[in-house]
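Here are a few exercises to work through with the model open in your viewer. Try each task before reading its solution.

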Amino acid sequence: IASLILQELINRHLITMAQIDQSENPGVPSEVDNYHSLFPLEPLPPPNRIQKTSNFNYITSCYKAINSKDDLPYCLRRIHALVFSYDFHAGAETMFSRHFSDATADSYFTKRKWAGQHEPPPPRQHAGLLPESLIWAYIVQLSSALRTIHTAGLACRVMDPTKILITGKTRLRVNCVGIFDVLTFDSNQANPLALMPQYQQADLILLGKVVLALACNSLAGIQRENLQKAMELVSINYSSDLKNLILYLLTEQTRLRSVNDIMPMIGARFYTQLDASQMRNDVIEEDLAKEVQNGRLFRLLAKLGTITERPEFQKDPTWSETGDRYLLKLFRDYLFHQVTEAGTPWIDLSHIVSCLNKLDAGVPEKISLVSRDEKSVLVVTYSDLKRCFDSTFQELLAAASGHTAIPRQSN
């Protein structure tokens with residue numbers, strides 16, 4: 001599991017860093033407001049495209065972009081008049097692309113007849129249907145998202161397979177929330193929130209359709225003329241709890257429904273998802289514990305690189321060759337530039353890591369630093385080096401911020 005998580009993180013990083021050749025993509029702007037380095041996340045619409053998307057009734061496009069203020073990646077959803085900015089999740093795919101884009105996936109639902117047949121239907125795993133545990137995992141996450149939105153007095157309005165993102169194996173996020181609220185806003189309406197209860201009820205119906213489509217492994221199942229056949233498929237292949245949940249969400253009620261009403265139908269399955277989430281967190285924490293030192297050691301190396309071999313500072317061309325800086329220069333050679341008795345490079349990564357950890361801790365252990373001409377040997381402790389390291393870097397920071405810093409000589 002740990003190696004899979006690591007590979008997934010590496011892939012996400014590569015996707016996050018992806019860039020395009022601007023000269024080969026003149027249709028993509030170099031900057032949009034505070035965002036730059038735009039990278040298309042969907043096929044770009046041709047210049048003469050006139051068809052509109054089925055969701056928003058507008059031509060849309062989607063990009064990854066870097067915010068110049070915080071240097072973080074975001075997802076820009078362009079409604080060709082407006083641009084909406086969302087969190088960017090590298091490597092995410094839509095529920096539609098994962099579960100409903102295969103043209104052959106509808107074949108079991110559309111071609112097979114159950115009513116009146118003498119032979120029982122094949123087991124679910126042979127019918128191309130999804131495991132019930134996966135569907136419940138999706139239900140828990142989607143109902144949790146609706147619960148959060150509805151508790152805030154708002155509505156989702158985009159509970160659709162093309163707008164539900166999947167990262168990893170089962171992690172879901174709802175995309176494009178808020179777009180409908182902007183596109184349909186009526187400034188003449190006295191109370192913009194008056195229709196929220198109605199929209200929330202529509203959210204529950206949309207959730208029911210998503211669950212039914214997953215159970216059928218086919219978007220054809222949610223069409224009105226196929227609902228009876230779709231529910232028959234659910235009855236044959238899945239538990240009564242799943243069937244009752246779908247019926248509750250899709251059947252009009254005389255009273256206003258709440259997403260909390262489906263919790264008893266989820267039941268103990270909620271704990272299954274909670275346990276899976278906690279187990280994943282445990283794996284991630286164990287891996288994090290192994291890697292947590294890397295960032296600290298990298299910062300040490302970065303600081304050391306800003307100090308050593310600096311050509312000139314405070315009008316002193318010998319700055320890096322004197323005082324504390326000279327000790328740090330010799331320590332840098334001790335870290336990276338040692339040679340064997342035969343004069344060949346001696347490379348030992350564990351030596352580098354061990355020495356950096358001792359420097360960071362400022363231990364009293366002594367080491368011998370040899371000058372490059374081998375004419376002098378200085379015996380110092382890591383505690384001495386840490387003092388030199390911290391004070392010298394503070395000098396550089398002070399100079400960088402415009403404060404006067406006077407180079408000091410070591411005793």
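The protein chain carries 13 helices and 10 strands, where helices (H or I, at least four residues) and strands (E, at least two) are DSSP runs numbered from the N terminus. This is a predicted model, with local features needing pLDDT of at least 70 and side-chain atom pairs counting only at pLDDT 80 or more, while totals for chains, interfaces and linings use all residues. Residues are numbered from 1 along each chain as its sequence is written, and side-chain values use heavy atoms, leaving out hydrogens and water.

**Exercise 1. Find the buried residues of helix α8 and work out how they are arranged.**

Step 1: pick out the buried ones (under 20% relative accessible area, with exposed over 50% and partly exposed in between; 1.4 Å probe, protein chains only). In α8, residues 240-250, they are Leu-242, Leu-245, Ile-246, Tyr-248 and Leu-249.

Step 2: look down the axis. The buried residues of α8 fall within an arc of 160°, so they line one face of the helix; the arc is taken over directions from the helix axis to the C-beta atoms. As background, an α-helix has 3.6 residues a turn, so residues three or four places apart point the same way.

Step 3: Skipping neighbours within four places in sequence, Lys-209 touches Ile-222 and Leu-250, contact being heavy atoms within 4.5 Å.

**Exercise 2. Say whether Arg-332 and Asp-333 are buried or exposed, and which network they belong to.**

Step 1: read the relative accessible areas. Asp-333 has 9%, so it counts as buried; Arg-332 has 13% and is buried too.

Step 2: get the distance. The closest N and O atoms of this salt bridge are 3.2 Å apart.

Step 3: Glu-309, Arg-332, Asp-333 and Arg-372 are linked in a network of salt bridges.

**Exercise 3. Give the strand order of the five-stranded sheet and find its edges.**

Step 1: list the pairings (two strands pair if DSSP finds at least two bridges between them). The sheet is open and antiparallel, in the order β1-β2-β3-β4-β5.

Step 2: look for single partners. β1 (31-32) and β5 (82-87) each have one partner strand, so one side of each is left without a neighbour in the sheet.

Step 3: zoom in on β3 (residues 60-67) and β4 (residues 73-79), which are antiparallel and joined by seven bridges. Here Cys-62 stands opposite Arg-77 in β4.

Definitions and conventions: A salt bridge is a side-chain nitrogen of Lys or Arg within 4 Å of a carboxyl oxygen of Asp or Glu.
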